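Let's take a friendly walk through the aromatic rings of this model. Have the structure open as you read.

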Amino acid sequence: MAEIVMPRLSDSMEEGTIVRWLVSEGDSVSRGDEIAEIETDKATMTYEADGSGVISFVASEGDTLPIGSVIAHLNGGAPDGGDSAAPEGAEEDSPAPVNITAAPSAGEPSSAPPSDVPAPGPAPASNGDGERVKASPIARRLASEKGVELSSLSGSGPGGRIVRADVEAASSGSPSSSPAQSTPAPAATSEAPSPATAKGEVTVVELSRTQQTIARRMAESRATVPDFTLHADVDMDQAWEGRAALKASAPEGAVVPSFNDLVVKACALALREFPRVNGAYKDGRFELYSRVNVGVAVAAPDGLVVPTVFDADRRTLGEIARDTRALAAKVRDATITPPELSGATFTVSNLGMYGVREFVAVINPPQAAILSVGAVEERAVVRDGAVVPGRRMSVALACDHRILYGADAAEFLARVRALLEAPLGLAV
């Protein structure tokens, strides 16, 4: 009997969530067959079997387990003899398969019995059709401890998954724990509502793996990075005219570089000239990278995802335009892969398409800086002593002061501005 374990699918992955099994209990699978969709801290990926046999599930859809935890068995199959293959760009030091169950959260006492002793409390919950109820490992353990029947609960987690809050509400006798009951609307009264009901009905939304990662990394950035920000306005008149001419002469269906593509290319060329901006501060040292990989922030359904344009300094504007559109489409379709979300050395975040004039993005550690880009808009400007209309774009460069200083950052931003104001240089 071979074991299928939670694989390491990205360099920063610590645990994964089984979104959906692509095979059924008892199916015969072969090496290379797609068996599950697994959500990591960066994306949802399809996972392939690394052996052959009849599959027997250990984990359910919606379960979140650490790397190395057994998620299924292949009966009649032989162990593969090695770790699951990691995608290109991911670390190859995945732990060997081990037969463990999900560990309790840090700081949370566990009363789980040894593996050779039957667990107390009710048997694994199932619905009326015999299908196992979707619930997180913590929710299952808590339900067992408190004697709560999982099949009687309505889950508030993703896809109706039962989470810890649902079990705690049921054990405390809260009306919201039963799907058959609903919270009655408060009667009209002249008295002020109590603090517990002043906000009305509260819906608790569990964070996805991507949202958890964003929250953790942004809090880490604010707590650990001593940052400063430089602001500048860019004259986009020539860029506007050049793009309009290019759009008019382009064949039907051709990809025309956007203003954001111009920014990515300008940053890439400037990063090559200012290697510290293309580096990072780590463990009391500077890391300087030979490749210029620009991350482009893209809005996803459940958060912000930053796919990478690799070697952006060596790519033409047309190649950058095609790459960014393909990556953005993958983000929207949830088909982006961890390697495409890794390796960025600098990030561009653009909210100009939403009419935002200027903003300051949070640095994505351990990167040294991030450029925030606003809308290209027509403003009154002074030229040769006269007030005339002109197109301007506001940008803000947030920097990690441990590796970048004011003069370094100012020179870099000035170079980006010069390249955008004379955009013919971006075509070289």
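Over the ring of which residue does the charged end of Arg391 sit? That residue is Trp240, with the charged end of Arg391 4.1 Å from the ring centre. Here, a charge sits over a ring if NZ of Lys or CZ of Arg is within 6 Å of the ring centre and within 35 degrees of the ring normal. Before going on, please note that this is a predicted model, in which local features need pLDDT of at least 70, side-chain atom pairs count only at pLDDT 80 or more, and totals for chains, interfaces and linings use all residues. Residues are numbered from 1 along each chain as its sequence is written, and side-chain values use heavy atoms, leaving out hydrogens and water.

The structure holds four aromatic pairs (rings of Phe, Tyr and Trp, the last by its six-membered ring, with centres within 6.5 Å; planes under 30 degrees apart are stacked, over 60 edge-to-face, the rest tilted). One of them joins Trp240 to Phe259 in a stacked arrangement, 5.6 Å centre to centre with 20° between the planes. This pair links distant parts of the chain, as Trp240 lies in helix H4 (residues 237-249) and Phe259, 19 residues apart, in helix H5 (residues 259-273). Helices are DSSP runs of H or I with at least four residues, strands runs of E with at least two, numbered from the N terminus. Phe259 also has a charge over its ring: the charged end of Arg243, 5.3 Å from the centre.
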